[in-house]
Amino acid sequence: MDVVALGELLIDFTCVGTDADGYPTMAAHPGGAPANFLAALAKFGVKTALLGKVGSDAFGKILCETLRKAGIDTSGMIETDDVFTTLAFVTLDETGNREFSFSRKPGADTCVTFEELDLSMIDKAKVFHFGSLSLTDEPARSATYRAVEYAKGRGKLITYDPNLRKPLWKDLDACREQMLWGLSRADVVKISDEEVEFLFGLGVEDGAAHILEHYGVKLVFVTCGADGCYFKNAKAAGRVPALSDIAVKDTTGAGDIFGGSAVWKLLQCQKAPQELEHGELTEIVTFACTAAGLSTTLSGGISSVPEYEAVIERMHN
């Protein structure tokens, strides 16, 4: 096993139209940031596994089958009769902006306990990945705390995505506190410019420097949407542009696919993240930006990871 992630596996319902009364027509896609992250790694040949919980309902079963088809080990996934699989709904407001609603009160992913986790999968892995959505509610929060400490205690590389979804938090101060806890435990962080602003009120470059200086992080990627990605470690810093002249269809999961693609390239380097030179980091981020960009030309997250050959061809062109 190379990479194990802990976190949410859910259904994303995306609005594809509305009827005369304003009711949305929804398309269902498999989702959850850790699952999207692992899907990119699995696509490029990495052995991956997800630890988490879904309902023993139709959605939970089809999600686990989707992971298996994507090459992700599901033996650490728990099915429960007590709660339903988490559902996320993305609709458009009157100005065309996306609005998120969640059926998660509770959802199965928030109900996983530490005692239910298959720790042998962490033992076998090189990398342990988690995100902030598993920190919103108990018992998943405590399970995540303990799993991260377990992985750190066994010398695993810790990767983290402080994925900001404000509707899932009862209190934004608590949201900030939990997201910062994750930063304090991570070696490699993929964070967006919006999340840097939310946490620190800083711009991209100052925010990356702040994270490295104050949280013990070894390498930070700050994704900036159409403006590409800024990277920084102790040895180098730089910016790589996003893909241009592509027909963007759906940005769902693009940040997660960037993260998984970057970690795949990081594993290929076989160097500690703080030891990577400018050229190596530029190559990592160029590959990840290309994979993420190509993913936006397709729908969904897991289903939109491009083929390795397509990424390489686009990079060469």
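These legends describe close-up views of aromatic pairs, charges over rings and a helix crossing in a predicted model. Local features need pLDDT of at least 70, side-chain atom pairs count only at pLDDT 80 or more, and totals for chains, interfaces and linings use all residues. Residues are numbered from 1 along each chain as its sequence is written, and side-chain values use heavy atoms, without hydrogens and water.

**View A. Phe44 and Trp264 form a tilted aromatic pair.** The ring centres lie 5.4 Å apart, with 50 degrees between the planes. Rings of Phe, Tyr and Trp (its six-membered ring) pair if their centres lie within 6.5 Å; planes under 30 degrees apart are stacked, over 60 edge-to-face, the rest tilted. Phe44 and Trp264 are both buried (under 20% relative accessible area, 1.4 Å probe, protein chains only).

**View B. Phe128 and Phe130 form a stacked aromatic pair.** Their centres are 6.5 Å apart and their planes 25 degrees apart. Both residues are buried.

**View C. Arg154 lies over the face of Tyr150.** The distance to the ring centre is 3.5 Å. Lys265 lies over the face of Phe287, at 5.5 Å from the ring centre. A charge sits over a ring if NZ of Lys or CZ of Arg is within 6 Å of the ring centre and within 35 degrees of the ring normal.

**View D. Residues of helix 9 meet residues of helix 10.** Contact means heavy atoms within 4.5 Å. Helix 9 contributes Thr286, Phe287, Thr290, Ala291 and Leu294. Among their partners in helix 10 are Tyr308, Val311 and Met315. Helices are DSSP runs (H or I, at least four residues), numbered from the N terminus.

Methods: Buried < 20%, exposed > 50% of the residue type's maximum accessible area, 1.4 Å probe, protein only. Helix = DSSP H or I, 4+ residues; strand = E, 2+ residues; numbered from the N terminus.
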